Amino acid sequence: MSVTALVGAQWGDEGKGKIIDILAEKADVVVRSQGGNNAGHTVVVDGVTYKLRLVPSGILYDNKVCVIGNGIVLDPKSLLGEMNEIKANGRSLDGLKIDARAHVVLPYHIALDGLSEKMRGGSDIGTTKRGIGPCYMDKAERSGIRMCDFINPAVFAEKLKINLNIKNKIITEIYGGEALSYDEIYNEYVEYAKLLAPYVIDASVFVYDAIKAGKNVLFEGAQGALLDIDVGTYPYVTSSHPTAGGFCIGTGIGPTLIDNCLGVCKSYTTRVGKGPFPTELDDEIGDAIRQRGGEYGTVTGRARRCGWLDLVILRFAVRVNGLTSLAVNKLDTLSGIKQLKVCVGYNKNGVLLKDFPVDISDLSDCEPVYETFDGWDEDVSSVRSYDDLPANAKKYIEFIENTLGVKVAMVGVGPSRDQNLTR
Ligand code: GDP
Ligand code: IMO
Ligand code: MG
């Protein structure tokens, strides 16, 4: 048996969904523990592309249990839409389970996300506007509505009334927005609650028992290390913990139960939304990576910012997650680029920084320091063995591995299940 945690090692969209889907073949249980439908995890199976937002990426096998843990903020309308898409593709939802403690995203969270972003003007965060931050705010403020409240119509009615009263004041009096209707929300959402109630369990007990029974359990991270609310590029972060510790808090299990932590990254760097990005390429190479890599957001369709691989960031991800191995995706996207650069440190007024600065304002004085590599022309998307990669591609991967001191266990050469080289 093994308990493996999988995390994004950059700013999200590293190809976590693809790797989870591959590893899920040998797993019994796949667990999501943080974030919500701000996540967009793409899985390509038999030529069909699935964009999973809340449902764990193990759902595309028939016999896996897929758990939505307590640390999730769950938009019922979005989840039901996703469940319908999965069913329409002939896949089963029998294995889906939702923790009773997960917090519910309601229309006022979505309205407030949009209004607060607008109020910030040019210093907006560039959120996905899915109500994620406002829902976690209610959780921390202790006024949130949890799944156990939501599926009890009397409790839901009472909590919704109290919350909406306050939120409507904030929406209208502070932000100058339109008040939302209690009746409309209640009548619509009470029906969603009925549909979701059969899936609700105590997932902390379930996952603990599964681990103790020797099952293979896979934790599926959403977002990435640099988007962590505590250690990420604050305030340009999400409102949860995409780092490995988030699995413990967001599932209700202890850290000694997790055996391994696999970080997923791309062979370059991308970011959606605002915030610092030291190796960003605002030129034709950045455009070429965006075009070839299809770097457009899964959730919002926004163009992703693209840049060179940054080992300062990956060194940070190794530290904050305790990574035991790494999967490097999208090596195929770099084919044909004559010279590749990899950032190995930041030069701050003549001093070489190897650790990502705590205060992002320090980055304005930092210049990335690059090592340059010869690229390769070959299309590697049909390569199926690491040894068959061009020599320069192997040099690139081995430089990452040696610099970080962490094994690159997998290399991605395309979006499908079989386009993954295991070492
Ligand atoms: P996630 O949020 O980390 O699951 O990543 P996304 O699904 O948002 O974005 C990753 C994108 O890259 C998706 O479109 C994947 O299908 C695609 N992808 C994953 N691995 C590879 C790879 O090795 N090569 C290529 N070309 N595409 C990949
Ligand atoms: P996956 O799981 C990439 C980013 C948003 C924004 C910031 C805050 O697919 O890797 P939020 O809506 O969470 O309050 O937005 O976080 N963001 C992501 N970027 N991938 C994601 O998820 C993301 N989820 C949130 O773009 O910059
Ligand atoms: Mg994504």
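A residue is called buried when its relative accessible area is under 20% and exposed when this value is over 50%, with partly exposed in between. Keep that in mind as you explore this structure, which is a predicted model.

**Backbone angles**

Most residues other than glycine have a negative phi, and most peptide bonds are trans. Two residues here are worth a look against that background. D46 has a positive phi, near 50 degrees, and is not a glycine. You can find D46 in the loop between β3 (41-45) and β4 (48-52). Is D46 buried or exposed? D46 counts as exposed because its relative accessibility is 71%, and the cut-off is over 50%.

N349 is not a glycine either, and its phi is positive at about 50 degrees. Look for N349 in the loop between β16 (339-348) and β17 (351-353). With a relative accessible area of 65%, N349 is exposed.

| Residue | Phi | Relative accessibility |
|---|---|---|
| D46 | near 50 degrees | 71% |
| N349 | about 50 degrees | 65% |

The peptide bond between Y234 and P235 is cis, with omega about 10 degrees. P235 belongs to the loop between β10 (217-220) and α9 (245-251).

**The metal site**

Which residues coordinate the magnesium ion (ligand 3)? They are D13, through OD, and G40, through O, at 2.0 to 2.2 Å. This pair links distant parts of the chain, 27 residues apart: D13 lies in the loop between β1 (3-8) and α1 (16-24), while G40 lies in the loop between β2 (29-32) and β3. G40 counts as buried because its relative accessibility is 10%, and the cut-off is under 20%.

Conventions:
Residues numbered from 1 in each chain as written. Chains lettered and ligands numbered in written order. Predicted model: local features only at pLDDT ≥ 70, side-chain atom pairs only at ≥ 80, totals over all residues. Heavy atoms only, no water. Helix = DSSP H or I, 4+ residues; strand = E, 2+ residues; numbered from the N terminus. Buried < 20%, exposed > 50% of the residue type's maximum accessible area, 1.4 Å probe, protein only. Donors = N, O, S within 2.8 Å, 3.2 Å for Na, K, Ca; no water.
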